[in-house]
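Okay, thanks for coming, everyone. Let me put the structure up, and then we'll talk about rings.

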Amino acid sequence: MSKTETLVRALVDKHGKSRNSLMPVLQGVVKEERYLSEEAMLEVARELDISAADVFGTASFYTFLDTVPRGSYVIRVCKTIACHMAGKDVVIDALSDMLKIKVGETTVDGKFTLLTANCLGWCHKGPVMLVNDEVFPQITAQKAVEIVEEYARKK
Amino acid sequence: MSNYMVNLKINNIPVSVPEGSTIVQAANKLNFRIPTLCFHPDLSVAGNCRVCVVEITGARALAAACAMPVAEGMEVFTNSAKVRTARKHVIELLLSEHNADCTKCFKNGHCELQELAAEYRVGDHVFLDLVKASDKILDISSPSIQKDNSKCIRCQRCVRTCEELQAVGALAVACKGDHQRITTFMDKSLHNVVCTNCGQCINRCPTGALVERNYMEEVWDHINNPFKHVVVQTAPAVRIGLGEDLGLEPGHRVTGKLVSALKHIGFDSVLDTDFTADLTIMEEGTELLTRLKKAIVDKDETVTLPMTTSCSPGWIKFIEHTFPELLPNVSTCKSPQQMFGALAKTYYAQKKGLDPKNIVSVSIMPCTAKKFEANRPEMRASGYQDVDYVLTTRELAMMIKQAGIEFTKLDDMHYDSIMGEGTGAAVIFGATGGVMEAALRTAYEIVTGREVPFNNLNITPVRGMEGVREATITITGTRPEWSFLEGVEMKVAVAHGLVNAKELMTAVRDQKASYHFIEVMACPGGCLGGGGQPIPTSADIREKRAQAIYAEDEGLPIRKSHENPEVVQIYKDFLGEPLGHRSHALLHTHYKPRKRY
Ligand code: SF4
Ligand code: SF4
Ligand code: SF4
Ligand code: FES
Ligand code: FES
C-alpha cells in the first residue's frame with residue numbers, strides 16, 4: 001500500500017465511512033501532503049464510496065484544498081479589501097522578489113508556494129499572512145521576508 | 001403525498017391541493033404555467049435558477065415556486081409586476097453569461113433557455129455581456145456525447161441525473177461564484193472518466209451544453225454516394241418514440257411510416273434490429289440453458305450464475321467500471337445492434353452478392369451509448385467496423401425534416417428482406433423487462449414444449465416501472481433432454497436505470513440475493529427512455545411509450561423469437577446452431593474491466 005493509501009485509510013478509520021467525513025478526511029490529507037493528489041482523491045472516493053468527480057468538485061470549492069502540488073510551506077496573503085487597503089500588495093511584491101516566484105507558483109526546491117487568499121477574518125489586523133496554519137497579522141514587507149527567512153532555515 | 005388538503009389562492013383563485021405540494025403543482029392544477037429551468041420531474045428539487053419566482057402576500061422576498069410547499073391561506077401571485085421583472089432579469093442574467101449563438105447551436109429550436117428568452121422578449125445589453133472566449137470548453141472526446149461549457153447555465157440537472165438516476169457521478173459542480181462550472185474528475189474529458197455514455201443527462205439538459213455527437217452529414221454523404229450500399233437498421237424503441245419529434249403525441253406507433261421515411265431518405269435497404277433481437281434470444285437463451293445445465297448436471301463450479309443480459313451498452317460500460325468482478329456473469333452475446341452489424345457485412349453481403357467494403361451500415365437507435373459501442377475495438381468481427389454510424393431517434397427526426405418529408409402523411413411500408421423480419425418478442429426489447437419476457441417465452445418452450453403459462457403470452461410480473469422487479473417461474477413437464485430442470489424454480493430479476501442496477505448487483509455481489517437470470521437496462525424505462533429519444537421525458541411519457549410497445553407486440557402475428565422465419569433460415573443457411581462456431585466468431589464477445597476511480 002502506498003503512503004497516500006495508508007494515510008487515507010487511517011483518516012477514514014478515524015472519521016468514519018460516511019459522506020460527512022469527506023471534509024475532515026480531505027483536510028487531513030492536505031495537512032500531511034500539502035495538496036490533494038489524483039491518487040489521494042481517488043482513494044478517498046473509493047473509501048467513502050462516492051464519485052471521484054464529487055470529491056474533486058468539493059475540493060475545488062475550497063481555496064485551502066489544493067489539487068495541484070504545493071511546497072512544504074504554503075504562504076497565503078489575504079487579498080480582500082481590508083488587507084488590500086492596509087498594503088498587502090507590497091507584502092506580496094517583497095515575497096515574490098525574495099522567493100523569485102509569482103503568485104500561484106512554487107519555488108524550484110519545492111519549499112515555498114506563494115498564494116493569495118480571500119478574507120481570513122483578521123481584517124482588523126491586516127495585512128495578514130498565513131504560513132501553513134500559522135497566522136501572522138499586521139505584517140510589513142520586511143517582517144514578512146524575515147518570517148519566511150526563518151522558515152527557510154528550518155529543514 | 002398526504003391526504004390532508006391545503007387551501008390557498010393563486011392569482012385570487014382558490015385551490016386545494018394535498019399537503020406537501022409545491023406552488024408549481026398547485027398552479028398547474030389551475031392551468032397557470034410557471035416557467036422552470038433547474039426543475040425536472042425525474043429529479044430532486046435544486047431551486048437554484050430562480051426562474052420560477054412568485055410573489056407571496058406578506059413574504060419579504062419572492063419565492064421559488066418549484067421548491068416552496070403550499071401553506072393554508074397562502075396568497076400567491078404568479079404574474080405580478082414584481083414577478084415579471086424579476087423573472088426577466090433572471091433570464092437576462094443567465095444570458096449575460098451565455099454563448100447565445102443560437103443559429104449554430106444543435107439545440108436551436110429545441111432549447112428551454114431559448115424558449116424562455118423568446119417568451120419574455122429579452123432586450124439587448126441590459127446586463128454586461130460576460131461571455132469570454134475562454135468559456136468555450138468543447139469536449140468532443142466521446143463518440144457519444146458533446147459537452148460545451150459556454151452553453152451551460154449551471155442548473156445542475158445533469159449532475160443530479162448522473163447521480164440520482166444513474167449512480168455514476170461522472171459530473172460534478174466545481175469551484176464557486178463566477179468560476180462555477182460543471183465538470184468531471186480533474187477536468188478530464190468525458191471519454192476518460194466513468195461516464196457510461198447513457199445520454200440521460202442530455203435528455204434533461206435544458207440547453208445545448210450537453211448534446212449527442214451527431215453524424216447526420218456523414219450519413220447523407222454515404223447515401224449520396226452511388227458506389228456505397230447503405231443499409232439501415234431500426235431499434236424497437238424508435239418506432240414508438242420518433243413520432244414525438246414529428247408532431248405526434250407520446251405513445252404513437254409509427255413503424256410503417258418510419259420505414260417509408262427511411263426509403264424516401266434514400267437508404268438502399270431498410271432493415272430491422274428486431275431481427276437480431278430475436279437472434280439474441282436464440283443465442284442468449286441457449287447460453288442461459290447451457291450455463292444452467294453445466295451448473296446443475298455437470299456440477300461445474302466455474303460456471304457463473306446469475307447470468308445478466310448484455311444488450312445495453314450503458315450497462316456494459318457501467319459494469320466494466322463499477323463491478324468488474326462480475327463481468328463473467330454478463331452474457332457473451334453482443335447487443336442486437338452489433339449482431340446486426342456483424343451479419344450485415346457477412347451474411348447479408350453474401351446473400352446479396354455485395355462486397356462488404358462497399359456496405360455502409362447505419363443504425364437508428366434510441367440510445368447514445370450505441371455510438372460508443374459501435375466504435376469499440378471488440379466490434380469488428382466482419383473484418384470491418386461492423387456498424388459504421390449510429391444516429392439517435394432525434395437525429396433521424398431532423399433528417400426527415402431536412403428531406404422535406406411530411407411524416408404524418410406517409411403511407412405505411414414494410415421492412416426489406418433479408419434481416420427485416422421481427423417478432424413481438426423483439427419489439428418488447430424496447431421496454432424494461434422485455435428481454436426477460438422474450439427470453440422466457442422462448443426458453444420455457446424449448447424446455448417444456450409448451451408456451452409460457454401466462455395469459456396471452458404476457459408475462460406481466462416482469463413488466464412495469466418498478467426500479468427492480470423479481471419473478472419466479474416453476475418449470476414443470478420438461479422434455480426428456482431437459483429433465484434436470486424439472487421442478488426448478490427459475491428466479492429472475494429486472495432492473496432499469498443504473499441506480500437500480502447498482503442496488504441489484506450489489507446484492508448479487510454480496511450474495512444477499514440469488515437469481516438465475518437478470519435483465520439490466522441502463523436507462524429509466526429501458527430503451528424507450530433512452531438517451532437518444534425525443535425530449536422531454538417524464539414518467540408519464542415513458543408509460544405511454546411502454547403501452548405502445550406492448551400494443552405493437554400484441555398486434556404482431558408472431559410473438560416468439562424462435563418462430564421468426566428469417567431466424568430459422570439464418571441458422572439453416574449460415575450459422576448452423578445457436579452458440580455454434582460461426583455464432584461464436586460473429587455474435588459473441590467479452591468485455592474488460594475498467595478503472596472506476
Ligand atoms: S443553448 Fe439554447 S439559447 Fe444557448 S445558443 Fe443553444 S439554442 Fe441558443
Ligand atoms: S451520459 Fe450518463 S453516465 Fe455519462 S455523464 Fe451523462 S448521465 Fe452520466
Ligand atoms: S450541462 Fe446542461 S444540465 Fe448540466 S448544468 Fe449545464 S445547462 Fe444544466
Ligand atoms: S480582509 Fe484580509 S483578513 Fe479580512
Ligand atoms: S425552477 Fe425553481 S428555482 Fe429553478
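First, a term: buried means under 20% relative accessible area, with exposed over 50% and partly exposed in between, using a 1.4 Å probe and protein chains only. Now the housekeeping: this is a predicted model, so local features need pLDDT of at least 70, side-chain atom pairs count only at pLDDT 80 or more, and totals for chains, interfaces and linings use all residues. Residues are numbered from 1 along each chain as its sequence is written, chains are lettered from A and ligands numbered from 1 in the order written, and side-chain values use heavy atoms, leaving out hydrogens and water.

On to the rings. Rings of Phe, Tyr and Trp (its six-membered ring) pair if their centres lie within 6.5 Å; planes under 30 degrees apart are stacked, over 60 edge-to-face, the rest tilted. That gives nine aromatic pairs over all chains. Take Phe136(A) and Tyr151(A): the centres are 6.4 Å apart and the planes at 90 degrees, so we call the pair edge-to-face.

Over in chain B, Tyr347(B) and Phe574(B) make a tilted pair, 5.1 Å centre to centre with 45 degrees between the planes. Those two are both buried as well.

Last bit, charges. One sits over a ring if NZ of Lys or CZ of Arg is within 6 Å of the ring centre and within 35 degrees of the ring normal. Lys176(B) has its charged end over the ring of Phe61(A), 5.2 Å from the centre. For Lys317(B) over Phe372(B), that distance is 5.5 Å.
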